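Let's take a friendly walk through a protein model, starting with the whole and then turning to two of its parts. Have the 3D view open as you read.

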Amino acid sequence: MDFNELEAMEGLRWSWHSWPATKPEVASLVIPLSIMCTPLTPFNELPILPYDPLYCSQCHAVLNPYSRVDYTAKIWICPFCYEKNRFPVSYIHINENNIPAELFPTYCTVEYHLNKRGSDQGLGLSSGLGSAPSMNKALGLRSNSSSFTSMSAYFGPSTGSDWAGAGLMVGPAIVFVVDACTPEDELGLLKSELLHVITRLPENALVGLVVFDSMVRVYDLGFTECLRVVLFHGEREVSSEQTKQLLGLHQMTQPLGMTSAVQRKDFLLPVSQCEFNITSAIEDICSSPQITRGHRPLRSTGVAISVAVGLLEGCSVNTGSRVMVFTSGPATIGPGIIVNSDLGNSIRTHRDLNNGHAAYYRKSSEFYKQISQRLSDSSIILDLFVCSLDQVGAAEIKVPVESSGGFMMLGESFASEQFRKCLRQMFDRDDSGNLKMCFDATIEIVTTKDVKICGALGPCTSMRKMNNSVSNKEIGEGGTYIWKLGTVTSKTCIAFFFEVGDGQNVQSGSAFFIQFITRYRYGNMGIRKRVTTVSRRWTGKHSPDIAAGFDQEVAASVMARLAIHRTGKSYAHDVVRWLDKTLIRFASKFGDYMPEDPSSFRLSSNFSLYPQFIYYLRRSQFIDVFNSTPDETAYFRLMLNREGVVNSLIMVQPTLFQYSFDGPPIPVLLDICSISPDVILLFDSFFYVVIHYGSKIAQWRKLGYDKDPIHENFRKLLEAPELDAEQLVAERVPVPKLIKCDQHSSQARFLLAKLNPSVTQNSTYTDGSEIIFTDDVSLQVFLEHLQELAVQG
């Protein structure tokens with residue numbers, strides 16, 4: 001079974017492709033029933049349907065290839081609940097040779113581009129439609145326009161100035177939140193990039209500007225006489241209602257209970273109306289005055305974020321919006337404070353968090369959790385761009401950034417290529433000039449009655465909507481069958497967890513169905529729905545199909561997410577102990593061995609890689625936080641929680657390629673023995689890309705042999721890993737840090753820290769190979785202990 005081919009067809013990766021029919025059998029699998037879903041997977045062939053989907057009247061599932069159709073009676077039977085549904089009149093021409101794309105067997109995924117004016121379901125087939133194979137090209141579809149609503153009903157009340165009167169279709173709203181405590185040279189680079197972003201925005205995009213230091217300034221972009229701002233005190237927490245009132249966005253209630261028109265100021269305007277003003281405002285931002293010696297700058301980051309969110313709430317932007325925060329240091333005053341301004345007080349470490357000595361951590365985290373709920377309620381995305389050599393409080397801000405699907409970048413300088421590329425990539429536009437952004441997304445799951453939904457782990461928020469398919473057992477964001485996502489990209493991946501229902505009577509070999517309905521608003525503000533419907537089979541007890549359908553890569557990714565989810569409530573050593581126990585149970589269940597005989601232990605190829613994935617997970621920066629700051633750990637965990645299976649595995653168990661004179665580059669073991677004086681290693685851990693030169697290679701390079709025409713092969717050997725590394729860096733966002741180092745140099749630690757320590761200072765025979773000074777057990781010792789414990793039954 002080729003799991004990669006299935007993913008290319010469905011956009012899904014399953015931990016188990018065949019599911020047992022009873023709860024005890026599922027529990028014995030150890031690895032939970034889970035699906036890694038990438039909602040907007042790019043497909044080579046994706047039918048685009050310009051009409052609304054047809055829903056089942058009982059379970060709300062969408063018409064799909066597994067539906068049984070009576071072409072004579074014009075009825076379709078839902079495969080999820082077996083309800084009979086009549087086709088609307090617009091499907092009158094449907095027959096065996098004339099079917100809509102959503103019924104075509106090879107299309108398990110279709111995408112509906114809904115009419116912007118909103119339309120009733122029932123856009124169907126015309127008599128001129130061609131044969132089924134050409135459905136996605138020959139869409140002879142007609143609309144039932146009797147239920148079209150007005151444009152204002154679709155977009156809701158107008159916001160800010162009279163944009164509708166100006167003939168503009170409202171675009172996405174973006175509020176830039178800029179840290180004025182940034183040093184002058186760094187601030188100049190940031191301003192230059194922001195001005196570049198403004199020039200790339202569509203004319204209908206709404207923009208706002210908030211600048212903060214010890215005070216928070218909201219710019220009135222509609223005032224043309226001079227630069228006018230509204231000031232907020234940085235030490236005082238302001239609620240959403242207070243923000244609206246102070247910005248003049250509140251509603252006035254008249255004596256008879258009537259609500260007058262909302263008084264609005266132009267804090268949020270289309271680019272076409274305020275490009276000169278916002279350009280002038282950005283250019284006017286100056287670095288705050290020098291601070292007192294021995295003190296940090298006074299930053300009110302929490303208030304600035306709260307005010308920016310309140311601005312978007314007050315303007316009732318319902319077409320999608322994002323708050324983009326650019327900062328270079330920690331908040332030192334007001335709600336969300338990380339550390340006070342006195343440099344004598346250091347920023348919290350992991351030890352401080354574990355011992356309860358982080359004075360502001362708990363309160364600031366609670367503050368940002370409240371921000372997170374406001375973001376979810378208003379479909380706002382929070383992005384955090386950090387360029388600082390110190391911590392800024394990313395650990396506290398992680399919750400609203402992750403739950404809204406926002407972007408986080410930890411860099412060292414606004415002059416870095418990492419920052420420039422990340423920011424510009426976010427504002428790429430398609431061929432029509434629309435931003436390649438998606439807003440206001442939801443994912444709904446429909447299942448057959450025997451499948452229960454436990455929850456999800458990823459950049460999403462539970463909407464707490466219950467039905468019969470929702471399990472009482474919650475994992476992550478549970479208690480719902482619909483999840484909210486502030487945004488979604490082609491790489492966003494969410495892990496969904498399931499269990500088997502109680503008291504069921506399913507037959508082995510019978511099918512069950514799961515449907516994912518992803519609704520989102522594209523950059524042109526049009527609503528789209530992507531529907532993926534898949535089927536798998538129930539299996540009997542001890543069926544070989546269970547082992548054959550196990551995807552160990554998905555299992556490792558899912559367990560990694562579960563592990564970091566547990567770190568929020570447990571200490572790291574407790575999480576490691578939990579991982580060890582589950583691995584022992586797993587090996588005992590699926591290993592072939594003679595009881596009490598470790599030497600007889602074997603794992604089939606379907607399971608053999610899973611133990612080493614767990615070994616590297618235990619040693620990874622996600623679990624072992626030694627030598628990482630809380631901000632770095634928060635960033636690493638946030639990225640793991642949203643990336644797909646391939647990138648997740650690279651984070652857990654990095655890749656290592658060897659370049660030598662003997663031939664083309666080859667993958668080698670992630671082991672200290674792979675280091676050799678006459679080879680070059682290319683190491684990829686997702687966050688870092690390391691080019692490691694062996695001692696002989698480094699010596700030849702320093703002697704300039706690569707510049708001698710006689711040693712052309714040596715020059716090509718040096719170029720090969722650099723070209724491959726540049727390609728890795730170019731394709732990945734956020735941009736990984738590229739490190740070039742020589743054997744035995746200080747920078748080589750980025751590679752050595754991830755290698756299996758098969759040879760250490762305690763090894764008896766080293767054979768002149770490289771050694772690692774560590775007390776960690778090697779992979780071989782780890783597997784030997786696993787075998788001893790697994791065979792004990």
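**The whole protein**

Keep in mind that this is a predicted model. Its secondary structure comes to 21 helices and 33 strands. A compact globule with 793 residues would have a radius of gyration near 28 Å, and the protein has 29 Å, which agrees. Along the principal axes, the C-alpha atoms fill a box of roughly 90 × 80 × 60 Å.

Buried residues account for 56% of the 793 residues. The protein still exposes about 34400 Å², and carbon and sulfur atoms supply 50% of that area. If you look at contacts between residues at least 6 apart in sequence, 72% of them join residues at least 24 apart.

**The second largest pocket**

This pocket has a volume of about 970 Å³. It is lined by 32 residues, and the closest to its centre are Gln-425, Lys-436, Thr-489, Ser-490 and Lys-491. Two elements, α11 (417–426) and β26 (527–539), each give two or more residues to the lining. Here is the lining of the second largest pocket by class:

| Class of lining residue | Number |
|---|---|
| Nonpolar | 13 residues |
| Polar | 8 residues |

**A mostly covered helix**

How many of the 8 residues of helix α17 are buried? In this helix, residues 645–652, the count is 7. The buried ones are Val-645, Asn-647, Ser-648, Leu-649, Ile-650, Met-651 and Val-652.

Technical notes. Residues are numbered from 1 along each chain as its sequence is written. This is a predicted model: local features need pLDDT of at least 70, side-chain atom pairs count only at pLDDT 80 or more; totals for chains, interfaces and linings use all residues. Side-chain values use heavy atoms; hydrogens and water are left out. On a 1 Å grid over the protein atoms alone, a cavity is a set of points where a 1.4 Å probe fits but cannot get out, and a pocket is an open set with protein on both sides within 12 Å along at least five of seven lines; lining residues have an atom within 4 Å of a point. Grid points are joined across faces, edges and corners, and a volume is the space filled by probe spheres set on the points. Helices (H or I, at least four residues) and strands (E, at least two) are DSSP runs, numbered from the N terminus. Ala, Val, Leu, Ile, Met, Phe, Trp, Tyr, Cys and Pro count as nonpolar, Asp, Glu, Lys and Arg as charged, and the others, Gly among them, as polar. Buried means under 20% relative accessible area, exposed over 50%, partly exposed in between (1.4 Å probe, protein chains only). The radius of gyration is taken over C-alpha atoms; the globule rule is 2.2 Å times the number of residues to the power 0.38. Contact means heavy atoms within 4.5 Å. Accessible areas come from the Shrake-Rupley method with a 1.4 Å probe; for residues, only the protein chains shown count as cover.
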